[in-house]
Amino acid sequence: MDLVFATNNQHKLKELQAILGNEFRLLSLKDIGCDEDIPEEQPTLEGNASQKSFYIFDKYGYNCFADDTGLEIEALNGEPGVYSARYAGEEKSAEANMKKVLEKMAKINQRNARFRTVISLIINGEEKLFEGIVNGEILTEKRGNSGFGYDPVFLPEGKEQSFAEMDLAEKNKISHRGRAVQKLVEYLKTID
C-alpha cells in the first residue's frame with residue numbers, strides 16, 4: 001500500500017520506513033509534489049496531526065498520515081509540548097531548543113519528562129488517531145550524536161543511553177514514535 005507521510009523531515013521519513021519495512025511504501029510530500037508549508041496552528045498535538053493529514057487528503061487525495069510530537073517536561077508544566085520544534089524561536093533550531101531546555105532545567109532536580117507522538121491516519125476520508133509515549137528524564141548535558149531534536153538530552157526510563165547514543169533500530173524499539181507507528185501498522189494490517 002502507498003501511503004503519504006505528511007512530513008519534509010528526512011530523519012522522520014527514514015525512521016518510519018525502517019519501522020514499516022516493505023509492507024508499505026512511504027511517499028514523502030516531495031514525492032507527491034507538495035512543496036508548501038502545511039499549517040500547524042492547533043493548540044494540541046492531536047490537532048496539529050489532524051490538521052496536517054486532512055490538508056494532504058483534502059488537497060491531494062492521498063491516503064496519508066501525519067504526526068506531531070512533543071517533549072513534555074513535568075517541572076516546566078508540560079513545556080515545550082506542542083511548541084517543541086520552535087521552543088527557542090521560529091527557526092526551529094534543535095541546538096537552540098536544547099540549550100533553552102537545559103538552561104530552564106539547570107537548578108531543577110525533578111527532571112521527569114516524556115516524549116509523546118500522536119499520529120493522524122486518513123484512509124478514504126476516515127480518521128484514526130494513534131498515540132505513543134516514552135517516559136524518561138532530562139539529562140544535565142547533551143550526550144550522543146545520533147537522532148535529532150531533543151534526543152541528546154533525553155534519557156528513556158530504564159536505559160543508560162540517551163536517544164542520541166542509541167542506534168536507530170534500538171531507538172525505534174522503545175521510542176514514542178516507534179510505539180505510535182506500531183499501533184498504526186497493526187491497524188493497517190487489519191484493513192488490507
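Visitor: Which residues on the other side of α3 are exposed?
Guide: K99 and E103 are exposed there. Exposed stands for over 50% relative accessible area, buried for under 20%, and partly exposed for in between (1.4 Å probe, protein chains only). A word on the source: this is a predicted model, where local features need pLDDT of at least 70, side-chain atom pairs count only at pLDDT 80 or more, and totals for chains, interfaces and linings use all residues. Residues are numbered from 1 along each chain as its sequence is written, and side-chain values use heavy atoms, with hydrogens and water left out.

Visitor: What makes L13 count as buried or exposed?
Guide: The relative accessible area of L13 is 14%. The cut-off for buried is under 20%, so L13 is buried.

Visitor: Where is L13, and what is it in contact with?
Guide: L13 sits in helix α1. Helices are DSSP runs of H or I with at least four residues, strands are runs of E with at least two, and both are numbered from the N terminus. Contact means heavy atoms within 4.5 Å. Leaving aside neighbours within four places in sequence, L13 is in contact with F5, T7, L26 and S28.

Visitor: How do you know what span α3 should have?
Guide: The expected span is 1.5 Å times one less than the number of residues. For the 12 residues of α3 that gives 16 Å, and the end C-alpha atoms are 16 Å apart, so the two agree.

Visitor: Which residues of α3 are buried?
Guide: N97, M98, V101, L102 and M105 are. They cover an arc of only 130° around the axis, so they lie on the same side of α3. That arc is taken from the directions from the helix axis to the C-beta atoms. The buried residues of α3 pack against β3 and β6.

Visitor: Why is something called a pocket?
Guide: On a 1 Å grid over the protein atoms alone, a pocket is an open set of points with protein on both sides within 12 Å along at least five of seven lines; lining residues have an atom within 4 Å of a point. The largest pocket holds about 840 Å³ of space. Among its 32 lining residues, N9, K12, E40, A85 and K92 are the closest to its centre.

Visitor: Which element gives the most to that lining?
Guide: For the largest pocket, β3 gives the most, with 4 residues.

Methods: On a 1 Å grid over the protein atoms alone, a cavity is a set of points where a 1.4 Å probe fits but cannot get out, and a pocket is an open set with protein on both sides within 12 Å along at least five of seven lines; lining residues have an atom within 4 Å of a point. Grid points are joined across faces, edges and corners, and a volume is the space filled by probe spheres set on the points.
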